[in-house]
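Good morning, and thank you for coming.

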Amino acid sequence: MNGKNTFFESVAPHVDPQWTEMFILTLKLRGAAGAQISDCLAEVDDHVAVCGLSVEEVFGSAEDYAKSLNLPVAPGNEVSEIYRVVVVSLVGFVGMTLILWASRFWREGAPIQVTVGMAVSAVITVAVMATVPGTMQILMPRLVKKRWLPFVFGAVWMALVLLPLKLFPSQVLQLPIWPVTCVGVVMVVISSLGFFMDKAPDDPIETPVSRYLTPPPRPHRQVALALLYPVATVALTVPFLLF
Amino acid sequence: VELDLEDTSWPAEWMRGVMELCVLRAIADGPTYGYAIAVALEKNGLGSPKGGTLYPLLGRLERAEWVRSFWGAGQGGPGRKFYELTAAGRTHLSEMTWVWGQFSESVSTYLTMPMQPFAYADSEGVSTLMSAQTRS
């Protein structure tokens, strides 16, 4: 039993963990509040525990049942909020990439060489990340059902990003090192502030009883997300400078 | 005709129309929970509703403020959600039960009345009498 299944069994011990996973995922993607998802799941669990039938027999597929509940979108879970998080992540990611990229040229002091391949890779990366919020509802359930699909998507994305670098090596422009580094730093800082000022509350899935027993959530998630790109940037840049 | 009340499946269209009223009636006996409501319906000859029908309906009744819910101990699981009627729910049940009585009586009366010749208006607007036997 892995940790993920242990979690699903803790919130709905009488329900098939795969059904629970798909149920939570479907409702999360539809923007339902964690507390409401927990309540619905507890009802499913109680019904299945008493009647002795399988969850599929009583409730049908997790996706269809989740959709039939018509739960409202919780504040902070709107599509606009997802886009905001994606933009904040994208700004941080691009900033980190700029710093890492510039750091390769810090020692030589030579200007940064930009190739056509780099520009194409950057456009592909931004385009793929921009489609995430709009396609999540359709894509994520399929990725969970077919566990091999994420690897295929990962491989295709890597190929789309790396191939242009090899195929189009011709240089189009040169950029000065320190302005690029500064832009990268500013973008990472903006991204960190964006995460830190995120007012969306923690929205855990927990049992209706434990909700009243656990202390109120603290803003660890915000701090962790705010530190994500600065820490990753330092961790990835230091080896470049040392070796 | 003898009906086995615990093994009856009514046409789905009929059940869709009366399920809300029947669920409210099941809750009217006192605080109860999803599975017990399903059992009550089944025991009273209304078939056993699927979870995908019953719980979304309970959610709608709660949003309409005809029922309210509270959590209690479950059967070794995360908890059990109990439902009880609100005052508005009790009034609604009472009104709709009376309306249902009128409706079902009208339907029964009509369905069981003797077959009679009937009138219709033809294209010239002339009322014509035609017997059921002639039509067939």
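Let me start with A:Ala232, which lies in helix α11 of chain A. Helices here are DSSP runs of H or I with at least four residues, strands are runs of E with at least two, and both are numbered from the N terminus. A:Ala232 counts as partly exposed because its relative accessibility is 23%. Buried means under 20% relative accessible area, exposed means over 50%, and partly exposed is in between, with a 1.4 Å probe and protein chains only. A:Ala232 and A:Met96 are 136 residues apart in sequence, yet their C-alpha atoms are 7.9 Å apart in space.

A word on the source. This is a predicted model, in which local features need pLDDT of at least 70 and side-chain atom pairs count only at pLDDT 80 or more, while totals for chains, interfaces and linings use all residues. Residues are numbered from 1 along each chain as its sequence is written, chains are lettered from A and ligands numbered from 1 in the order in which they are written, and side-chain values use heavy atoms, with hydrogens and water left out.

I turn now to helix α9 of chain A. A:Cys182 has its place in this helix, and is partly exposed because its relative accessible area is 47%. Between A:Cys182 and A:Ala102 there are 80 residues in sequence and 9.8 Å in space, C-alpha to C-alpha. A:Phe196 is also found in helix α9 of chain A; with 45% relative accessibility, A:Phe196 counts as partly exposed.

Which residues form a nonpolar patch on the surface? They are A:Val185, A:Val189, A:Leu193, A:Phe196, A:Met197, A:Val223, A:Leu227 and A:Val231, with about 710 Å² of accessible area together. Such patches are made of residues with over 30% relative accessible area and no salt bridge, nonpolar side chains (Val, Leu, Ile, Met, Phe, Trp, Tyr) being joined within 5 Å and like charges within 9 Å. A salt bridge is a side-chain nitrogen of Lys or Arg within 4 Å of a carboxyl oxygen of Asp or Glu. Accessible areas come from the Shrake-Rupley method with a 1.4 Å probe, and for residues only the protein chains shown count as cover. In chain A, α9 (177–196) and α11 (220–242) each supply at least two residues of the patch, and α9(A) gives the most, with 4 residues.

The largest nonpolar core has 48 residues, of which A:Trp19, A:Phe23, A:Phe59 and B:Val23 touch the most other members. A nonpolar core is a set of buried Ala, Val, Leu, Ile, Met, Phe, Trp, Tyr and Cys residues joined through side-chain atoms within 4.5 Å. Helix α1 (residues 12–28) of chain B contributes the largest share of this core, 9 residues. Apart from it lies another core of 9 residues, including A:Trp101 and A:Ile177.

Finally, chain B. Its secondary structure comes to 5 helices and 5 strands. Strand β3 (residues 80–85) of chain B is mostly covered, with 5 of its 6 residues buried. Strand β2 (residues 67–72) of chain B runs antiparallel to β3(B), joined by 6 bridges. Strand β1 (residues 32–33) of chain B pairs with β3(B) in the antiparallel sense over 2 bridges; strands pair if DSSP finds at least two bridges between them. B:Tyr83 in β3(B) is the bridge partner of B:Thr32 and also of B:Ser69.
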